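The tour below goes stop by stop.

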Amino acid sequence: MDNIYLFMLIAITVLAVADIVVGVSNDAINFLNSAIGSKAISLRTIMIVASLGIFIGAVFSSGMMEVARKGIFVPAQFEFGEIMLIFMAVMITDILLLDFFNTLGLPTSTTVSIVFNLLGAAVVMALIKISHLEDQSFADLTNYIDTESATKIISGILLSVLIAFTVGALVQWVSRLIFTFNYENKIKNFGIVFGGVALTAITYFIFLKGLKGTPYYSDLKGLLEGNEIYIILGSFVFWTLFSFIFEKITKKTVLLVVIAIGTFGLALAFSGNDLVNFIGVPMAAYHSYEAWVAGGMDVTMSMDVLDRKVPAEPFLLFIAGAIMVVTLWFSKKAKTVAETEISLSRQGDTHEKFEPNRLSRAVVKGTTQLSEYFSIIIPKSVQESIGKSFEKPNVIMTKDQSIQAPAFDMIRASVNLMVAGVLIAIATSMKLPLSTTYVTFMVAMGTSLADRAWGRESAVYRVAGVLNVIGGWFGTAIGAFIAAGTVVFLINWNPSVIIPILLLLTVILLYRNYTSHKKKSNKVVDEDSLTTSEEISSVQGVIHQSAKNISKVVKRTNRIYSNSIVGLARQDLAILNKSKKQVVKLSNEIDVLRDNIFYFIKNLDESSVGASNFYINILGYLQDMSQSLEYISKVSHKHINNNHKKLKLSQIKELKQIDDKLEVLFSDTEKAFKSESFEEIGTILNEKKVVYDLVKEKIQTQVARTRNEESSPKNTTLYFSILLETKDLMNATMSLLDEYHSAHDSSVEPATVNESVDSNDEPAIQNKSESATLSDESTTTTPDSDEPTDANDESAAPNKPTE
């Protein structure tokens, strides 16, 4: 039994390495996003600067390690065996919880995770002890938990959300009021002072205040304490002179230096504050084991040794820092998590990751009304004066162009780094394990709000995203508490059996999440997927540009319709479910095309307005087609899922006849558009009457069948619904073909707009439209087809009648 504690210590150490990897993948966004989002400096430079900050911060971080030792529970109340079980449970649950959030691409708090893991495991272990003691009851739980310290830590974490958001919004509002969005001119006059203030704040609070959390502060204490005002003034003079010299010599803005040093400082503060989350527990376990061996290997010995202040071994901190740096460079999950925060704080349009919900709509409506009330109180002249500072450059960009451009400018990036660094450093100097994720995320959201990045067009999506992330934080706390408590209960039941099983389960889950994320990250574009080609400025240009898109839509329409009929005939829910997913994906892609109408029309010149009418009509027909398909797939799935009577053999044969005719028509249409043989459209239009007559004939046949022999109202409703929607599908398709047939002129060369790229490698704004792409799944009508499916199985029902 003695050897199991050595085994546990080794397992905890290995888990600590994995925890660092998982934790850095989650927390890298905290210090990288501002620099990455502003695109002020190259990614390579950002990574080098951040790596230096992480490594130095790790080596100087030992002052925070006491939180894991005695910040949550009272060590003297627990025996060595119980403490080791607590630490084992904490490490297992912490790594699994963080990896789960990383796989989802949501930033969560490593601090909240470790704090509530420790709290949950300690509470359950205390309750187990109390249950075995006759002279103690549930009321004695407070003797085991350091409620004062735990409450201080938890309230500090929660309070940081409000403080970070408020301070970030206020500082950004003032900064934008001074510099405006056209800050290039103002920065020449005020940039030197702004650089002096920003760099002074960063250096003082991060480098000086941050030193209080390290064992080296005692050597500098006499020099620093009492001289703070002189240090601040001296730093301001130095950095202001530095800003002046830098701008004169390099002819570049000092904001580049602010962003670089801010990234370094924030990485340093993160490492100094958050390293305890990854190795605090393993180091406490090591010191416990060391004391146990020295004390005669008595499992029941009290762990009051953890109450003493034991400095962390510099060698272990060095190794931890090295692992963090390597993870930063090679973690793909870090990039996935980073996308969430950048998209929520982006100044321009983006492909919104979150769907609005009731709460986000209520928040947006409430704040809009509040804004209107304030507009009545504040004089109009003041509003107009302030409004001029927030006027954005009149540049029209599509969503794709906006995503390629910087998410926000260097003013906001500098404020993000400065405010977050200051708040984290203050907490570190007070030895509070403040959540760096909470602070950096909420500062970024506050500056976004102040910058009016959450306009009427995007607010409901951005607020929903913020609420989702915050909800995930609370989920982390609750999940960590329950999971750690459950695991420590299981381990306590039979450590020799349960620990190996849980470790094996941890390895399996980590590997599964890794392979799943790798598969998503390395998704290869299907060979049938479309790519954006030349941009367009005429009707003939639209015709040629959209030909392959139409080809793919028709191909997928053919497949979805056939799958619905086959699934209905076989009563195969798997096929019908795939059809629903396929049509949802198709509808979403058509919606993306529709979202581009504004940019398409805005970028057309006066002589090409006719192209907009053609483009709008085409999109309308595509939407009609997708709605018909959506209804057909939905009612077919509903019928089989509800276990209603299967269609009669005669009805199945009739639907198959229609499907065969449509198969030929859709195939011919696909080939014509794929090869851009628009002259063949006239021939295809001539087939219209044959298919129409066939559908009308089947409707009449079903009417007669219903009067004489049909006994199932559900079957009748389903059959008529499919026939009528097929008719609507045909109408939309033929209208689409007729639009192309009428507009195409083979004698006119399609006009295009030449592309150009500016000197900064950012997309140039041109008179062109960004054409969205429609990917095509590699599927067949068989149920075992291997096709990609959309994550969302259900979608809003189209504007069609339901049963």
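A salt bridge here is a side-chain nitrogen of Lys or Arg within 4 Å of a carboxyl oxygen of Asp or Glu. By this rule the count comes to nine. Before selecting any, note the ground rules. This is a predicted model, in which local features need pLDDT of at least 70, side-chain atom pairs count only at pLDDT 80 or more, and totals for chains, interfaces and linings use all residues. Residues are numbered from 1 along each chain as its sequence is written, and side-chain values use heavy atoms, with hydrogens and water left out.

**Stop 1: the whole protein**

Show everything as a cartoon. There are 28 helices and two strands. Helices (H or I, at least four residues) and strands (E, at least two) are DSSP runs, numbered from the N terminus.

Switch to a surface. Its accessible area comes to about 36,000 Å², computed by the Shrake-Rupley method with a 1.4 Å probe; for residues, only the protein chains shown count as cover. Carbon and sulfur atoms hold 60% of that area. Of the 803 residues, 54% count as buried. Buried means under 20% relative accessible area, exposed over 50%, and partly exposed in between (1.4 Å probe, protein chains only).

Now think about contacts, meaning heavy atoms within 4.5 Å. Take those between residues at least 6 apart in sequence: 86% join residues at least 24 apart.

**Stop 2: salt bridges along helices**

Select Glu-589 and Lys-585. Their side chains meet in a salt bridge of 2.9 Å, N to O. Both residues sit in helix 22 (residues 573–595), four residues apart, about one turn of the helix. Are they buried or exposed? Both Glu-589 and Lys-585 are buried.

Go on to Asp-660 and Lys-656. This pair also forms a salt bridge, with the closest N and O atoms 2.8 Å apart. The two are separated by about one helical turn because they lie four residues apart in helix 25 (residues 649–674). Asp-660 is partly exposed, at 38% relative accessible area. Lys-656 is partly exposed too, at 37%.

Next, pick Lys-689 and Asp-693. Here the salt bridge is 2.8 Å, N to O. Helix 27 (residues 688–708) carries both, four residues apart, about one turn of the helix. Lys-689 has a relative accessible area of 56%, so it counts as exposed. Asp-693 has 34% and is partly exposed.

Then select Arg-176, Arg-412 and Asp-451 together. A network of salt bridges links these three. Side chains of opposite charge can pair when their charged atoms come close.

**Stop 3: the second largest pocket**

Which residues lie nearest the centre of the second largest pocket? Select Thr-367, Thr-368, Ser-371, Leu-449 and Arg-452 to see them. They belong to a lining of 29 residues. The elements that give two or more residues to this lining are helix 7 (147–179), helix 14 (358–377), helix 15 (380–389), helix 18 (436–450) and helix 19 (459–493).

The pocket has a volume of about 1,400 Å³. On a 1 Å grid over the protein atoms alone, a pocket is an open set of points where a 1.4 Å probe fits, with protein on both sides within 12 Å along at least five of seven lines; lining residues have an atom within 4 Å of a point. Grid points are joined across faces, edges and corners, and the volume is the space filled by probe spheres set on the points.

Colour the lining by type. It divides into 20 nonpolar, six polar and three charged residues. Ala, Val, Leu, Ile, Met, Phe, Trp, Tyr, Cys and Pro count as nonpolar, Asp, Glu, Lys and Arg as charged, and the others, Gly among them, as polar.

**Stop 4: Gly-446**

Stay on helix 18 and select Gly-446. With a relative accessible area of 0%, Gly-446 is buried. Leaving aside neighbours within four places in sequence, Gly-446 is in contact with Phe-165, Gly-168 and Ala-169.

**Stop 5: two loops**

Select Lys-251, in the loop between helix 10 (228–250) and helix 11 (255–294). Its phi is near 60°, a positive value in a residue other than glycine. Lys-251 is exposed, at 68% relative accessibility.

Finish at Gln-571, in the loop between helix 21 (539–570) and helix 22. Gln-571 has a positive phi of about 55°, although it is not a glycine. At 33% relative accessible area, Gln-571 is partly exposed.
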